Amino acid sequence: MRFLSFRKLFLRSRIALILVLLALFAAVSARTEEPAVFAISGARIFPVSGAPLEKGTVILRNGIIEAVGANVPIPPDARTLDGTGLTVYPGLIDGLCDAGLEEPRAPQAPGPPSARPGPPAAPAQPTQQAPAPPAAERPLLNSHVQAADLINPTNRKIESARAVGITTALVAPRTGIFEGQSSLVNLSGASVGAMVVKTPVAMHISLQSAGGFGGGYPSSLMGVVAFVKQTFLDAERYDVAWNIYNVHTGVVRPDYNHSLQALIPVLKRELPAVVPGDTPAQIQRAMELAQSFKLKCILSGGSEAARIAPLLKEKGVPVLLSMKFPERDRDSDPELEEELPVLRRRVEAPVNAAALAKAGVQFAFQSGDISSPRDFMRNIARSVEAGLPKDIAMRALTLTAAEIFGVAGKLGSIEKGKTANLTIATGDIFDSRTRVKYVFIDGKKYDITEPEPE
Amino acid sequence: MKKTALMATIVLASCAAWLLASEPQRSPASGVLIIKDAFILPVSRPALPKGSVLIREGKIAEIGPQVATPEGATVIDAKGQYVMPGIIDCHSHIAISGGVNEGTLAVTAMVGIEDVIDPEDINIYRSLAGGVTTANILHGSANPIGGRNQVIKLRWGKDAKGLIFEGAKPGIKFALGENPKRSRATPGTSPARYPQTRMGVEDVIRDALIEARTYTEKWDEYKKRALAADKPAIPPAKDLKLETLAEILRGERLVHAHCYRADEILMLLRVADEFGFKIATFQHVLEGYKVAKEIAEHGAGASTFSDWWAYKVEAYDAIPYNAAIMTRKGVVVSINSDSAEEARHLNQEAAKCMKYGGLSEQEALALVTLNPAKQLRIDNRVGSIEPGKDADLVIYNRHPLSVYAVAQKVFIDGQVYFDIQKDLEMRERLEKERASLKEKDKKERERERRPEGRRTPPTDVTTTAVEPPDEP
């Protein structure tokens, strides 16, 4: 250290200089990112929690809604946004998507890690059935994974979601049977730390079977169900074992296991389980599975949920309703008659939400497997055309979603003290001609610009 | 001809959906129903050329040549028609969602058909139209010990739970021979699964049962210690696979073993004797006639095909006399479908055993009714027309052992689940619905094509965060 050459010293100082500059730059940008005070005046306001205001003002300060009303004085330090002709909604919430998550890894199949493509090797010797791997080694068990830890704030999907007015999304990992824990994030594209509203929100379980031969257990749906049951049984015992160990002396210490540990809050109903289901049979299967371990259950999908609406209502199970509507395969033979159930599912898809609303089932919308957020909003609009009352549609996109995720005190309506998330559009958001002009996320304004239509 | 068949398929498929959308009219379960003046085939006793069946609250109340019609009873005039017990298919793979096999492991006793019943499988309705009222839904034969089976009633229109044959003894699928030993390697993902020989199949089964025995002992020991309570003990892990296998050892779960060859049948009988449990049925069992005496001595049933064979090497040494020979040797024999198509004419399959082997009418009918009921331990409920049993009945226009017989009405628990007349009416309604859906679809597409109806802007949009200006 003492024998540093000048050259090295020079280099070091240069590095130091860069660091100082960087720090300064960071400080500057941190200051400018500080949410300012905004006043949106003269706009049509849909607070969702109350009656709409034909002409009103919303004041945002430091990322919080400071005031809303017809006659709210504009603070002198506010930057005013003329809302004349604009409609202000609470920031829209996507009930489930993978915005911000990088492409999911291909599901790992248990077996030798010789996945390199190439000519098939000589047939391997048959192996004696191995004992079921301990829970920690099950590649389909990702209950310990949390979405917030996987988010890339610069992911393009965040921006495209914002473009249609979505300010907040429930993001869930999508690998394995136990996919992991979801996080509710504001789509600000700031640091992950600044984006997260609540985490974990729920444990997400997939009942998708890998299908086919090859690969590991489970390959069938019944295998998947058995896998889920066995895993919960293991988690129950894990909890019991640690309790006995903690209370008594002279007990051999159980092994730590992060996947099973992560399931204990689910078993204790502190964390709801999101289970998938579209057809009545799938929905009942998922609900019974959750019921058998007395889990707090949220249904995901529900594209035919209207057919079983009374049960959902009776059990008080909320639905993260998928807005992915079935489409006719583009490559299908145009002469081919669709089977009636297929035709019915496709043509009647927009009616589903209206029927659920009529039955009094609590639901939010999810973009789920939809690749374009525009199609998400478009299909919500189609549901409205098919009879879903606009106020319920809007509530599903805002306050109901917030209620399901346990953040109704912070998000979902334009009320004093709530997070300054707003979606500002050129008119009725369910009208096809309407465009989203601005969104506010945590009080920060985003301009939505789009090229003139051709 | 082919086109007609295709049309029929489409129409039938359509029926399915409609039925789900709105349930057909059925006589109330609590109602009283009388089927009058029919040719009755009770199966448990000789035929009654002219008689009536009285149904009360879903059960058969009375059967005889003279049955008084109670006041208010729904009367079904079945003059010139034939009434027999609902057909029981002892080997079926209909109504399963997400795969019939969990073939990844050699032993998958942890999985169960009860978890994956698909109540909307059109094959339920089609089987029903063929007179089937109960089916034993089995896991596939990919592994020596497969998943748990589920006996269902074909109560078309009910949900998965509503199909379950309540109180039917639980069971499990075993498989011997070629299927469980032909697992091949998937390059890069998994090696070929053990076993690869019949010896290996036996080893896997014995191994699994020993493991289950050890598991039971471990739990027994724990329970003893927990009772003594001198020291807190962590319970052993509950294992769904071993729980199921332990039930076999305790005689609480029926084994339905897929098999073909005589040697493997004898092998499984020895293993069962060694572990002290009974095999409920040998399935397929095409070489059963060679070891009928041994099967009968063990008390196992045999569920076979009438004349379906030679589709693989182990199915070559088959004869159409199989069912008859085993019957004569004292085995309880049934004819099953193992196919959604064959399930629709099991009455004809039974009839073949009269030609080959000379079974009587009653014996032939028993192959698809009373005998499978016995094999599934549900003969106290179904399988014959006797007072006290469930009113699961089929009315045919001809004698059910005739190739001209077509099911007219099918009852389960005294309710009509298939009615050929209603089916024809339903087809018209469904065609109307299809037309209106297509019209609606067309309109929507046209609107999509119109530029003003298009909601998706053609180009990309971008959003930019706008930094607030510096404070003045």
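This dialogue covers the helices, core and domains of a predicted model.

Reader: How are residues and chains labelled, and what limits apply?

Author: Residues are numbered from 1 along each chain as its sequence is written, while chains are lettered from A and ligands numbered from 1 in the order in which they are written. In this predicted model, local features need pLDDT of at least 70 and side-chain atom pairs count only at pLDDT 80 or more, but totals for chains, interfaces and linings use all residues.

Reader: How many helices and strands does chain A have?

Author: Both are DSSP runs numbered from the N terminus: helices (H or I) of at least four residues, strands (E) of at least two. Chain A has 13 helices and 18 strands.

Reader: What percentage of chain A counts as buried?

Author: A residue is buried if 20 or more other C-beta atoms, placed from the backbone, lie within 10 Å of its own. In chain A, 49% of the 454 residues count as buried.

Reader: Which residues touch the most other members of the largest nonpolar core?

Author: A nonpolar core is a set of buried Ala, Val, Leu, Ile, Met, Phe, Trp, Tyr and Cys residues joined through C-beta atoms within 7 Å. Here, Leu299(A) and Val83(B) do, in a core of 252 residues. Helix H4 (residues 221-247) of chain A gives the most to this core, 11 residues.

Reader: Into which domains is chain A divided?

Author: Domain bounds come from an automatic or database domain assignment. Chain A has domain 1 (35-90 + 412-454) and domain 2 (92-105 + 131-328 + 338-411). Their C-alpha centres lie 30 Å apart.

Notes: Buried ≥ 20, exposed ≤ 12 C-beta atoms within 10 Å, placed from the backbone.
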